[in-house]
Amino acid sequence: MALKVKAQEKLQKIGKYEGTYRYIMMPELYTSLSQEKVIQEAALRSGVSKGVMQVCWDAAGEVIKAWATEGHSVALPGLGTMRFGLRAKSVEKVDEVKTGLISSRRIIFTPAVDLKQALAGTTIQITCYDRDGNEVKRVTSTDPGTVEDNENPENENGGTNEPTNGGQGGNTGGNGGGEPNPDGSTED
């Protein structure tokens, strides 16, 4: 199994490369698996009936929802942890603090080490398309995970953690522990 990525040649409209064409990589997502399909597959792999798996799935979902909305970091066995986060504007004086400063409530997922290692060891297939949509090249990586790690500011490739797809990507894990965002808001 391999992860599929497409590299599309696009005109850069802002930033350092404004006015030039650059190949922008983005994942090619497969279909979205339904909850029913996931439950069916889990039932097959565990040897329990689909009905029992459905009851367990529903119960686990309710427990996770209850604990996460109470402010707990909740373990998702085999996957990682999830917790509540937020984005809010900062203020200078304590009497200016109010809930109206919160611009979004978020769920922050931190993957388990095993999951990150499995992803790092997965082959990547890149298909390159020119600005007209014609396929011009295919690349397959068999390296042992030389992709950047967004949790490590100085990754093993020596690059930065800025999105490489024209700002359309990003990380769902916040901005690194409560430090101010460029707009003055904080997260966590």
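Colleague: In which strand is Thr-81 found?

Modeller: Please keep in mind that this is a predicted model. Within it, the run of residues 80-88 forms a strand that takes in Thr-81, and that strand is S4.

Colleague: Does Thr-81 count as buried, exposed or partly exposed, and why?

Modeller: Buried would require under 20% relative accessible area and exposed over 50%. Thr-81 has a relative accessibility of 28%, which lies between these cut-offs, and therefore Thr-81 counts as partly exposed.

Colleague: How far apart in space are Thr-81 and Thr-110, C-alpha to C-alpha?

Modeller: Leaving aside neighbours within four places in sequence, Thr-81 is in contact with several residues, among them Ile-108, Phe-109 and Thr-110. Thr-81 and Thr-110 are separated by 29 residues in sequence, yet their C-alpha to C-alpha distance in space is 5.2 Å.

Colleague: Which backbone oxygen does the side chain of Gln-8 reach?

Modeller: Gln-8 has its place in strand S1, residues 2-11, and counts as buried because its relative accessibility is 15%, where the cut-off is under 20%. Not counting residues up to four places away in sequence, Gln-8 touches residues including Tyr-129, Asp-130 and Arg-131. At 2.8 Å, its side chain reaches the backbone oxygen of Asp-130.

Note on methods: Residues are numbered from 1 along each chain as its sequence is written. This is a predicted model: local features need pLDDT of at least 70, side-chain atom pairs count only at pLDDT 80 or more; totals for chains, interfaces and linings use all residues. Side-chain values use heavy atoms; hydrogens and water are left out. Helices (H or I, at least four residues) and strands (E, at least two) are DSSP runs, numbered from the N terminus. Buried means under 20% relative accessible area, exposed over 50%, partly exposed in between (1.4 Å probe, protein chains only). Contact means heavy atoms within 4.5 Å. A polar contact is a pair of N or O atoms within 3.5 Å; within protein, one must be able to donate a hydrogen and the other to accept it, and residues adjacent in sequence count only if both atoms are side-chain atoms.
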